[in-house]
Amino acid sequence: MGNAYHRAVHPDTFPGPDFEPTFDPLLGAPNRKVRVSNVTKEEMVSAKLPLEDRDYCADVLLKYRACRTRVFPFLYKCHHERHEYLTCEYEDYVLRMKEFERLEEKY
């Protein structure tokens, strides 16, 4: 099964993209920087990004979409942008899981 199944069956143990940490963000990592999105909410709204794509990788997604629009129908030319976007999404996922584990360890 996948993430959607686990999130539907066990929503309390699987954080979603809209999960907000309920603890001090510097707990256990005093030198950690606060994450800031590179794209404003107005830019995301004007680009008509769906809510599930409005995350810390939105700037990379916008570059990827612009490339797809520019080179259509030769979408294979955007493989670097696609890889960059998928890598960003994976790193964001890993960071969210680490944050969730830190929250679980606290309690």
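**Entry 1: disulfides.** I began with the link of Cys67 and Cys78, which is left-handed, with -95 degrees about the S-S bond; the model I am reading is a predicted one. Cys67 lies in helix H3 and Cys78 in the loop between H3 and H4, so this pair ties together parts that are 11 residues apart in sequence. I found the two sulfur atoms 2.0 Å apart, and both Cys67 and Cys78 are buried.

I then searched the whole structure and found 2 disulfides. Cys57 and Cys88 form a disulfide, again with an S to S distance of 2.0 Å. Because the torsion about the S-S bond of Cys57 and Cys88 is about -95 degrees, I noted this disulfide as left-handed. Cys57 sits in the loop between H2 and H3, and Cys88 in helix H4, so the pair ties together parts that are 31 residues apart in sequence. With bonded cysteines numbered in sequence order, I wrote the pairing down as 1-4, 2-3.

**Entry 2: the core.** I looked up the largest nonpolar core, which has 13 residues, and listed the members that touch the most others: Met44, Leu49, Ala58, Leu61, Cys78 and Tyr85. Helices H3 (58–71) and H4 (79–106) each supply at least two of its residues, and the largest share, 6 residues, comes from H3. Leaving out residues up to four places away in sequence, I recorded Tyr64, Cys67, Arg68 and Val71 as the contacts of Cys78.

**Entry 3: backbone.** Most residues other than glycine have a negative phi, and most peptide bonds are trans. I noted a cis peptide bond between Phe72 and Pro73, with omega about 10 degrees; Pro73 is in the loop between H3 and H4. Lys48 has a positive phi, near 60 degrees, and is located in the loop between helix H2 (41–46) and H3. I counted Lys48 as exposed because its relative accessibility is 70%.

Key: Residues numbered from 1 in each chain as written. Predicted model: local features only at pLDDT ≥ 70, side-chain atom pairs only at ≥ 80, totals over all residues. Heavy atoms only, no water. Core = buried A, V, L, I, M, F, W, Y, C linked by side-chain atoms within 4.5 Å. Buried < 20%, exposed > 50% of the residue type's maximum accessible area, 1.4 Å probe, protein only. Helix = DSSP H or I, 4+ residues; strand = E, 2+ residues; numbered from the N terminus. Contact = heavy atoms within 4.5 Å. Disulfide = S-S within 2.5 Å.
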